[in-house]
Amino acid sequence: MLAAARAIEPQIVEDRRRIHSHPELAYEEEQTSSLVCIRLEELGIPFRSGLAKTGVVATIQGDVGSGRCLLLRADMDALPINERSGVRFASQIPGRMHACGHDAHTAMLLGAARLLLDHRSDFAGTVKLMFQPAEEGAGGAPRMIEAGALTDPPVDAAFALHVRPDLAAGKVSCSAGPQLAGADVFTITIRGRGGHAAEPHTTIDAVVVGAQVVLALQTLVAREVEPTASAVLTLGSFNAGERFNVIADTAVIKGTIRTFDNGLFLHLEQRMREVATGVASALQATAHVDLLGRCPPLVNDASMSEHIAASARSVLGADSVVAVKAEMWAEDFAFVLEKIPGAMLCLGVNSADWPRPKAIHTAEFDLDESALAIGSSAMAGVALDYLMRE
């Protein structure tokens, strides 16, 4: 399988680079979706497009007869980042970048589709390919589920792949249990009373109130979460005011809470509201907290995780599968795994030639393209092994 993937590697790399140079944000993946449809048409694979606006679902039917249905998923959206990777095929769109590997995920799934077509005579049942929009906090997976991606035919197992910059190219990992944290997104809107910078005593300065809220929220994890538990509360955006000589009447803070524990989620959400509103009230302002949706933790099914690991050893070699620690990232494939047993495979993409890994969600992110064929062969191998077993 790996040798076959190496044979089509130029096409996988070409697709990845084409998608990388034209990144599209959530629900704007028109060019990416179009490329996926073109490749599927070239391969003669039936598909439906326009799910969740830009999503695509395709099916490959085995020649042996009816059987189970396995889902393979890739995400397609980019991030609002100005790229500084220095690669020849860098983003051509200012402020847009594939900084989380979704370009590679899509290209590798197309590669896996090519490999599976060549093995249709070896399996019964159906491989369903889900090309999903809007993974980056915009609810793409739930919308694909609502659009029927897990039905017609109903899915029995689901697998996905995600690049890991801290893992060497040629290595993969898939462990049972919680692997990625759940996450929610929140906005805190603080309202005070604006005025002239020369007359602060007549105002309620939203910048000052917001700064105090930011500092107070830092105590929630540090002083209210058991040290052995995993939790993050990050404030990633603080916006207020327009001019140097005008005291702002409004400040907007945006952030995220991440943990593996639903009870801890509820505690931190409640305490965030209490702290934000309490601090604002003490300073004669108001604070309104909006929770914008929660992604559950990604939990790999034990038997499916072992299935992936065993398949990877068979395709890539016994020493290719390694253990990695769980991370506080979030992944909306978790919504699929809440409904269908499955697992996510982590694919190493760090080059031995780089002095340090090129982290996801940074302007410098990059990946070792020698890993692309490995990813395609691993996904195809997982599907074949699952559909061929009793």
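Two strands count as paired if DSSP finds at least two bridges between them. Helices (H or I, at least four residues) and strands (E, at least two) are DSSP runs, numbered from the N terminus. This is a predicted model: local features need pLDDT of at least 70, side-chain atom pairs count only at pLDDT 80 or more, and totals for chains, interfaces and linings use all residues. Residues are numbered from 1 along each chain as its sequence is written, and side-chain values use heavy atoms, with hydrogens and water left out.

Start with strand S15, residues 342–350. Strand S5, residues 157–168, pairs with S15 in the parallel sense, over eight bridges. Look for Arg164: it stands opposite Gly348 in S15. Strand S6, residues 172–173, pairs with S15 too, but in the antiparallel sense and over two bridges. There, Val172 stands opposite Leu347.

How many residues of S15 are buried? Nine of the nine, so the strand is largely enclosed by the rest of the structure. Buried means under 20% relative accessible area; over 50% is exposed, and in between is partly exposed (1.4 Å probe, protein chains only). Gly342, Met344, Cys346, Gly348 and Asn350 point one way. Ala343, Leu345, Leu347 and Val349 point the other way.

Next, the open sheet. Four strands, order S10-S12-S8-S13, antiparallel pairing. S10 (231–240) and S13 (286–295) are the edges, each with a single partner strand, so one side of each has no neighbour in the sheet. The twist averages 20° from one strand to the next. S10 and S12 (residues 250–259) pair over nine bridges, with Thr234 opposite Thr256.

Two helices lie across these strands. Helix H6, residues 206–224, lies across S8 (182–191), S10 and S12, at about 175° to S10. Helix H7, residues 262–282, lies across S8, S10, S12 and S13, at about 160° to S13. On angles: axes are lines fitted to C-alpha atoms, for helices over the stretch in contact, and angles run from 0 to 180 degrees between N-to-C directions. Contact means heavy atoms within 4.5 Å.

Last, a helix pair. The axes of H2 (residues 9–21) and H3 (residues 30–43) come within 10 Å and cross at roughly 155°. That makes H2 roughly antiparallel to H3 (over 145 degrees; under 35 is roughly parallel, 65 to 115 roughly perpendicular, the rest oblique). Which residues of H2 and H3 make the contact? Gln11, Glu14, Asp15, Arg18 and Ile19 from H2; Thr32, Leu35 and Arg39 from H3.
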